[in-house]
Amino acid sequence: MAVKKQIVMSGIRPTGFLHLGNYFGALRNYVRMQEEYECFFMVADLHSLTTHPDTKELKLNVHRVLSENIACGLDPDKVALYCQSHIHETAELYLYLNMLAYKGELEKTTTFKDKARLQPDNVNAGLLTYPVLQTADIILHRASLVPVGKDQEQHLEMARNFVNRFNHRYGEVFPEPRAFNYGSELVKVPSLDGAGKMSKSENQLATLYLSDDDEQIRKKVKKAKTDTGPSKPHSPKPDYIENIFLLMKLVSSEEIINKFENAYTNCTIRYGDMKEQLAEDMIQFISPIREKANAIRNDENYLKEIMEKGAEKARKSARATMKLVRQAMGLNY
Ligand code: TYM
């Protein structure tokens with residue numbers, strides 16, 4: 001008998017250009033997981049409305065995120081690649097889960113507090129219940145593995161709480177979802193200024209985007225914060241230097257990394273050379289993704305076809321889950 005594959009689900013908001021953090025926190029795992037699991041990956045357009053209510057640019061952004069997903073190696077024949085708003089069952093499950101989520105816990109969520117601070121004039125209920133919608137996305141497919149970066153850890157913890165509450169009150173319908181990364185720990189890709197993480201909408205000069213051209217990459221890497229170098233052998237690395245090594249580990253060969261590690265240890269390191277090398281290795285990594293994404297970004301028919309095919313797969317799984325949910329809740333009269 002065939003063993004049923006574990007189910008994987010994740011999403012990315014179309015709020016700007018994708019960057020190295022999205023790649024190493026999420027997309028890299030998606031691409032590997034598509035070979036081993038049953039995967040649902042989506043563009044989270046509904047979530048983006050909590051902070052970006054203007055929809056004029058949304059279509060363009062959805063198309064761009066989709067093309068970047070494909071350019072990174074996602075195969076729409078292997079996974080369900082779809083748009084969140086195309087799956088109407090999400091809204092129904094979100095509604096039921098909202099009755100199991102408490103105001104106090106939602107108000108304590110770090111992302112809610114951060115966003116409320118950034119947009120004090122628009123602290124809407126959608127922003128407050130953001131983790132509930134995210135839980136609906138995941139458990140709509142009864143997924144148990146959720147490839148995400150470190151910043152999503154708390155949302156996954158909340159998802160487990162909501163799942164346990166549902167299962168306890170209405171009967172076992174959902175597995176507990178958990179944040180997943182192939183390495184041992186969830187990833188956080190730091191920004192080049194060492195003052196935070198790479199981000200779609202903030203910190204843009206210190207973030208490397210998958211759409212950056214070669215010159216932009218060189219310029220941004222060149223500006224990364226460094227100092228005059230260690231004065232004693234085997235010195236600990238300051239955070240901002242650690243960050244540069246971390247970025248190098250993402251894209252450079254072991255030989256190159258070892259060369260600069262050794263130079264750091266014996267105080268002969270020249271950060272100018274290191275950044276030049278890092279920029280070239282980044283370009284090698286980013287340029288093929290950028291070119292591929294550019295080639296498909298404007299092909300509306302192709303993207304529409306993919307989204308529709310993905311939505312069909314996602315709807316099928318969503319309908320099956322919602323049948324179980326209504327039954328468990330006793331709403332099947
Ligand atoms: P979003 O759009 O902010 O980010 C998409 C993915 O990229 C990861 N990520 C990072 N990883 C490492 N370092 C960084 N600097 C970095 N920046 C972003 C994020 O962790 C994420 O995996 N709430 C989600 C979208 C979402 C979702 C879902 C995710 C909606 N529904 C269901 C999983 C399952 C978000 O805002 O991701």
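Residues are numbered from 1 along each chain as its sequence is written. Because the model is predicted, local features need pLDDT of at least 70 and side-chain atom pairs count only at pLDDT 80 or more, while totals for chains, interfaces and linings use all residues, and side-chain values rest on heavy atoms, without hydrogens and water.

The predictor's confidence in each residue, pLDDT, runs from 0 to 100. Its mean over the chain is 96, and 99% of the residues reach 70 or more. Helices (H or I, at least four residues) and strands (E, at least two) are DSSP runs, numbered from the N terminus.

Around the ligand stand 28 residues, of which Arg13, Tyr130, Asp151, Val189 and Lys200 come nearest; a residue is near if one of its heavy atoms lies within 4 Å. Several polar contacts, pairs of N or O atoms within 3.5 Å, can be named. A polar side-chain atom of Lys200 lies 2.6 Å from a ligand oxygen, and a ligand nitrogen is 2.8 Å from a side-chain N or O atom of Asp137. The side chain of Asn22 has an N or O atom 3.0 Å from an oxygen of the ligand. The elements that give two or more residues to the shell around the ligand are β1 (7-12), α1 (20-33) and α8.

Terms used: Polar contact = N/O pair within 3.5 Å; in protein donor to acceptor, adjacent residues only side chain to side chain.
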